[in-house]
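Hi,

Here is the structure I promised to pass on.

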Amino acid sequence: MALGGNPVFNGKTFRSATRGGNQAAGAGTTMYAGQTMANQQQLEHMYNQPSAGPAQTGRMTFDDVIVKTLLCLGVVLVGAAIPAFVLPGLALPLMVIGALGGFVLGLVNAFRREPSPALIIAYAALEGLFVGGLTMFFEAMWPGIAVQAVVGTFIVFGVTLALFKSGKVRATPKAMKFFMIAMISYALFSLVNLGMMLFGATDSMFGMRDIEIFGIPLGVFIGILAIGLAAFSLIIDFTSISEGVRNGAPQKYSWTAAFGLTVTLIWLYVEILRLLAILRGSD
């Protein structure tokens, strides 16, 4: 305890007792008794208070992650509203700007050692432009597809969260190996397919995804695989967040968790939107 807190170690108390005789000693005793009672009351009050939680100690909490994730998703919605409602005539260029800018900022945020809230919010805004433009493009061709994609995203997210909380699905080392193999294979397919579309090797809207196997477009199988990968990516996100909270990660890393969830949810939405477009286009 600090010297000024306990009268026994307080130089002023000792001097008053020495100079003032019995009267000063009586006053010092009274002061000591009163201060002791006050200290006891303070201790009782302190002991009766709940223990300091993560929020009071600057640690990451689930509430922090939820709030920041909702903030990022809100920014995505605001960005999506620009090509959808504010500047529909510029939907295509805004979509391209959002796609390229979001890709760059996504890499920057992914490789930063410390999270930057400003860069994460900027990423969310650019991805909003991309998602809004893409959604309007498909919505013009197949009305109602946007609502279907949003509902599908919520359903997959809810089911994945429920499975994770129940403990039935976990990011085990064996599952992670399968996930990495599937992700690399899907990424290679996507790059080859994109290259073929850019260089005119195929004039189909979805490239090789439109190739039919037993009357079913290849994109249906690829889309189901991609949605499964995105769902498992959510499991990885949930696991990382739980470990971060349990291990007392600094509060600033709740932005990293929010960024990861935002990336995965946008990926999930785009895959569901494309799968629905392929299914409705094949009708």
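Let me start with Glu271, which counts as buried at 3% relative accessibility. Keep in mind that this is a predicted model. Glu271 has a partner for its charge: its side chain meets that of Arg274 in a salt bridge, 3.0 Å from N to O. Both residues sit in helix 9, 3 residues apart, or about one turn of the helix. Arg274 has a relative accessible area of 22%, so it falls in the partly exposed class, just as the 20% cut-off for buried would have it.

The structure has 2 salt bridges. The other one pairs Glu114 with Lys252, and there the closest N and O atoms are 2.5 Å apart. This pair ties together distant parts of the chain: Glu114 is in the loop between helix 4 and helix 5, while Lys252 is in the loop between helix 8 and helix 9, 138 residues away. Glu114 is partly exposed at 36% relative accessible area, and Lys252 is partly exposed too, at 40%.

Now the overall picture. The protein chain has 9 helices and 2 strands, and along the sequence they run α-α-α-α-α-α-α-β-β-α-α. Of its 283 residues, 38% count as buried. If you take contacts between residues at least 6 apart in sequence, 77% of them join residues at least 24 apart.

What about the inside? The largest nonpolar core has 59 residues, and those touching the most other members are Leu134, Phe138, Ile145, Tyr269 and Leu273. Helices 3, 4, 5, 6, 7, 8 and 9 each supply at least two residues of this core, with the largest share, 17 residues, coming from helix 9. As for Leu134, once you leave aside neighbours within four places in sequence, it is in contact with Met95, Val270 and Leu273.

Helix 8 is worth a look as well. Its 29 residues reach 42 Å from first C-alpha to last, close to the 42 Å expected, and 22 of the 29 are buried. Just after this helix, Gly248 takes a positive phi of about 70 degrees.

The accessible surface comes to about 16800 Å², with 71% of it belonging to carbon and sulfur atoms. One nonpolar patch of about 530 Å² is made by Phe103, Val104, Leu107, Val108 and Phe111. Val108 lies in helix 4 (residues 91–111) and is partly exposed, at 34% relative accessibility.

Cheers

Methods:
Residues numbered from 1 in each chain as written. Predicted model: local features only at pLDDT ≥ 70, side-chain atom pairs only at ≥ 80, totals over all residues. Heavy atoms only, no water. Helix = DSSP H or I, 4+ residues; strand = E, 2+ residues; numbered from the N terminus. Buried < 20%, exposed > 50% of the residue type's maximum accessible area, 1.4 Å probe, protein only. Contact = heavy atoms within 4.5 Å. Areas by Shrake-Rupley, 256 points an atom, 1.4 Å probe, with all protein chains shown as cover. Patch = residues over 30% accessible without salt bridge, like charges linked within 9 Å, V, L, I, M, F, W, Y side chains within 5 Å. Salt bridge = Lys/Arg side-chain N within 4 Å of Asp/Glu carboxyl O. Core = buried A, V, L, I, M, F, W, Y, C linked by side-chain atoms within 4.5 Å. Expected span 1.5 Å × (residues − 1).
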